[in-house]
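Hi,

Here is the structure I promised to pass on. Have a look at it first, and my notes follow below.

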Amino acid sequence: MRPISERVTLGEKSWVIRPLTLGQVREIEPALMESGGNIGSAMRIIEIALRRDHAEDAARLAELEATAPEIAAAMSVILRLGGFIETTPGESQAAGTGMHSGVSSTAA
């Protein structure tokens with residue numbers, strides 16, 4: 001089943017992230033393999049996902065005020081959108097984060 005767009009929130013910023021492209025998946029894989037729970041790798045993965053539709057915010061990611069649990073939640077969404085984490089049918093919708101593909105991106 002193809003993932004649907006999901007909302008990611010870090011601090012006071014929020015974005016809708018579309019399912020990842022093959023290029024994004026290819027870029028994320030090495031960062032994921034070197035991760036080992038590393039916040040720097042997590043930020044790199046989040047930046048890759050944001051860059052396509054939110055380039056300016058991706059470039060300023062390190063300036064955001066965010067907590068470790070917010071970073072972990074954002075990574076979880078992104079990894080699901082890239083197929084790195086298996087999604088059970090209805091999982092994102094049940095969590096209230098599912099968005100239909102084609103929904104325009106917004107920032108809070």
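In what order do the elements of the chain run from the N terminus on? They go β-β-α-α-α-α-α, which comes to five helices and two strands. Helices here are DSSP runs of H or I with at least four residues, strands are runs of E with at least two, and both are numbered from the N terminus.

Some ground rules before the details. This is a predicted model, so local features need pLDDT of at least 70 and side-chain atom pairs count only at pLDDT 80 or more, while totals for chains, interfaces and linings use all residues. Residues are numbered from 1 along each chain as its sequence is written, and side-chain values use heavy atoms, with hydrogens and water left out.

Now the strands. E1 (residues 6-10) and E2 pair in the antiparallel sense over five bridges; two strands count as paired if DSSP finds at least two bridges between them. Val 8 sits opposite Trp 15 in E2. The hairpin has two residues between its strands, and Gly 11 takes a positive phi near 60° there. E2 (residues 13-17) is largely enclosed by the rest of the structure, because four of its five residues are buried. Buried means under 20% relative accessible area, exposed over 50%, and partly exposed in between (1.4 Å probe, protein chains only). Of the 108 residues of the chain, 34% are buried.

Pro 19 is worth a click. You will find Pro 19 in the loop between E2 and helix H1 (22-35), and it counts as buried because its relative accessibility is 10%. Pro 19 and Ser 5 are 14 residues apart in sequence, yet 5.8 Å apart in space, C-alpha to C-alpha. Leaving aside residues up to four places away in sequence, Pro 19 touches Arg 2, Pro 3, Ile 4, Ser 5, Gln 24, Arg 52 and Leu 81; a contact means heavy atoms within 4.5 Å.

Last, the inside. There is one cavity of 30 Å³ or more, meaning a set of points on a 1 Å grid over the protein atoms alone where a 1.4 Å probe fits but cannot get out. The largest cavity holds about 40 Å³ of space, the volume being that filled by probe spheres set on the points, which are joined across faces, edges and corners. Among the residues lining the largest cavity are Val 16, Ile 17, Gln 24, Arg 52 and His 54, where lining means having an atom within 4 Å of a point.

Cheers

Notes
On a 1 Å grid over the protein atoms alone, a cavity is a set of points where a 1.4 Å probe fits but cannot get out, and a pocket is an open set with protein on both sides within 12 Å along at least five of seven lines; lining residues have an atom within 4 Å of a point.
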